[in-house]
Amino acid sequence: MADLPMITISIPTYNLGSYLNKTLESILHQTDQNFEIWLVDDASTDKTADTVAQFEQADPRIHAHYFDTHQGVSKARNYAIEHAKGEIIVFVDGDDLLEPNYLEVIATGFTDPTVDLVGVGYTWGWRGGQSGRHAFTEISKTNAYASINHRGGDFGGYTWNKGFKMKIIQDNQLRFDETLDLAEDLLFTAQYTLAAHKILYYPDALYTKVSRSNSIIHSATWEMRSKEQAVRQRIDKMGRSMQP
């Protein structure tokens, strides 16, 4: 484990209730303990900020920041990017669950210095699931990019089933678009993939996406959905400039 790169875990928090405890416990029980966590609370109005403070006080690897006003998930993730000390960063939603080897698998993928992006399998309702392969597969940049808009495999455009190199993020000045409340992850993944070269995928489901009735996905407005479609069109347009 000592030779694995350090990972920064970005977790935006906003009115997560009891979900956050379970998410953090699934991280604290990882087989790879070489990590730091940035909890950025987006002006929660329930007891989420109290939970954040309790975990920060209990573990020096956990860092917290509190927004005075609600500013959105993109700004929270960007704060983590700007303060990350890890070589790798992962973006975990504060209501989801990680298999114990989630971090270890991602970190292991990056022990090859030529690897720029590592994805793992996930479960989300009927989507995803265990493959039983327990091995990395190299996938082409073209196929990875195509899957962002659901035109390929399960690699997808979500940020939460992937590890990203901080060097690529900083060298290309990549950030989440703070004008978006939906599909911000798709755009970030697309921009990052265009800058990446070697991509690995570990298909076993190591991330569980929890369906929460009051999440953005379920409560998105017509305006948010319209912006999402515009983002998807932008991703397609960006992809046309990709070298075959």
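T13 stands opposite D41 in strand 2. The model is predicted, with local features requiring pLDDT of at least 70 and side-chain atom pairs pLDDT 80 or more, whereas totals for chains, interfaces and linings use all residues. Residues are numbered from 1 along each chain as its sequence is written, and side-chain values use heavy atoms, without hydrogens and water.

Strand 1 (residues 7-13) runs parallel to strand 2 and is joined to it by seven bridges; pairing of two strands requires at least two DSSP bridges between them. Helices (H or I, at least four residues) and strands (E, at least two) are DSSP runs numbered from the N terminus. Strand 2 also pairs in the parallel sense with strand 3 (residues 62-66), over five bridges, and I37 stands opposite I62 in strand 3.

Seven of the seven residues of strand 2 (residues 35-41) are buried, so the strand is largely enclosed by the rest of the structure. Buried means under 20% relative accessible area, exposed over 50%, and partly exposed in between (1.4 Å probe, protein chains only). F35, I37, L39 and D41 point one way, and E36, W38 and V40 the other. In a regular strand the side chains alternate between the two faces of the sheet.

A search of the whole structure finds 17 aromatic pairs. Rings of Phe, Tyr and Trp (its six-membered ring) pair if their centres lie within 6.5 Å; planes under 30 degrees apart count as stacked, over 60 as edge-to-face and the rest as tilted. Y158 and W160 are stacked, at 4.6 Å centre to centre and 5° between the planes. Both belong to a cluster linked by ring pairs, which includes Y102 and Y207.
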